[in-house]
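Hi everyone, thanks for coming. Let's bring the model up on the screen and walk through it together.

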Amino acid sequence: MTRVKVIPENKKNIIDKIIEMSGENIRDCMQCGKCSAGCPASDGMDLLPHQVIRLLQLGQIDRIVESKSIWNCASCFTCAQRCPRNIDIANIMEAIRLTIIRCVGNSRLKADDVPSKVDCKMPQQAIVSGFRKYNK
Amino acid sequence: MNMKYSYYPGCTLKTKAQDLEKFALDSAKTLGVALQEQKEWQCCGAVYPLATDEIATKLSSVRSLAEAYQKGEKLVTLCAACHHVIKRVNEDMKHKEDIRKKVNNYLQLPNDYEGECEVIHYLEMLRDEIGFESLAQKVKKPLKNRKIGAYYGCLLLRPSKVMKFDDPENPSIIEDFIKALGATPIIYPYRTECCGGYLAIDQKDVVEKMTQNIFESASKYGVEEIVTACPLCKYNLEISGFGDENNISISYFTELLAEALGVK
């Protein structure tokens, strides 16, 4: 019998960074699925919130980075409010997004794109939020 | 009654959500509450920085909190997003030594700020400082026979261990407020669900689905008007067009207040 390492060495750094930035302990998750059941944005998600946590536990970061789920999350904190293990999944989603957009040139929302995305009624709050969330 | 508070408006209230502020200030005057706008408030950033390593994005909130504390006043907020950000930053300053130290090292205030200021939302001011019973006595035009649904959204309620606003799953503060104004509050299941928030800028299709759920729920329970405290919630609900389809109007809670107090 050979021992299989769940987290490949070359992914360990990025996963450690995500855990550090989120301040959450992903090992506490017992996969009850309460987060996914209550997520109001789960309709179009290719990975449900509890699946994102499971993949993180398994070190499969590539599948998470490719998924659109992390961008569907609106940081509404419903999952965090209901998690029986007190994991704030919104913090983890944010940390994953940040590991992507903090790389040079990876901002998801660029200043030049803004005029095409706003209308005359859109509150400043939306634009400021968008920049804080998608631009570094 | 003569009550005095520091008041933090936020960027949206000076531009797209002027109604939210105007009706709040006019009503406050009638209620004998002095809301003194802070002189040099800065934008709160609209979203609370969730990553543990973000410090700079919390500074503007601390500046406002420290200033209100210096004056010995509570800080009143009106926009749900501003309230969320400032309240959570205040909690960090109270309990997270690392953040407290870095922020104070940077700001170099006359005294270190350690989360002493109390920040309350306008609705909390009505409930906890004035009291809904006293409010009801000041109503000049009771909003009789109006079936109004509260739309709480996310930012005032969650995470409840920090926000301490109301029960996060079954809140009652806005319903009690509606009742105090003489109207009939309608409880519907999706009143605490997210409208999609800032996804409005990038993923309108997701917002559409989320707002549709909210309106279907409200409509099923007989809601005729929705009130909210968040400019972005109001925008998302309005832009979806489901309100027109279901004959449900959307307004700020302060508009309702001003109307009932006879200052609209």
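Let me start with the overall build of chain B. Its radius of gyration, taken over C-alpha atoms, is 18 Å, which agrees with the value near 18 Å for a compact globule of 264 residues, the globule rule being 2.2 Å times the number of residues to the power 0.38.

A word on provenance: this is a predicted model, where local features need pLDDT of at least 70, side-chain atom pairs count only at pLDDT 80 or more, and totals for chains, interfaces and linings use all residues. Residues are numbered from 1 along each chain as its sequence is written, while chains are lettered from A and ligands numbered from 1 in the order in which they are written.

Back to chain B. Its C-alpha trace spans about 55 × 45 × 30 Å along the principal axes. Chain B has twelve helices and eight strands; these are DSSP runs numbered from the N terminus, helices being H or I of at least four residues and strands E of at least two. Of its 264 residues, 52% count as buried, that is, with 20 or more other C-beta atoms within 10 Å of their own, the C-beta atoms being placed from the backbone.

Now look at strand S1 of chain B, residues 3-8. Which strands does S1(B) pair with? One is S2(B), residues 33-37, which runs parallel to S1(B) and is joined to it by five bridges; pairing here takes at least two DSSP bridges. In that pair, B:Lys4 sits opposite B:Ala34. The other is S3(B), residues 75-77, also parallel, over three bridges, with B:Tyr8 opposite B:Thr77. Between S1(B) and S2(B) we have helix H1(B), residues 18-30, and the three form a right-handed β-α-β unit: with the strands pointing away from the viewer, the path from the first strand over the helix to the second runs clockwise.

Next, helix H10 of chain B, residues 231-240. Eight of its ten residues are buried, among them B:Pro231, B:Cys233 and B:Tyr235.

37 residues of chain B are in contact with 36 residues of chain A, contact meaning C-beta atoms, placed from the backbone, within 7 Å. On the side of chain B that touches chain A, H10(B) gives the most, with four residues.

Thanks, and I'm happy to take questions!

Key: A residue is buried if 20 or more other C-beta atoms lie within 10 Å of its own, exposed if 12 or fewer, and partly exposed in between; C-beta atoms are placed from the backbone. Two residues are in contact if their C-beta atoms, placed from the backbone, lie within 7 Å.
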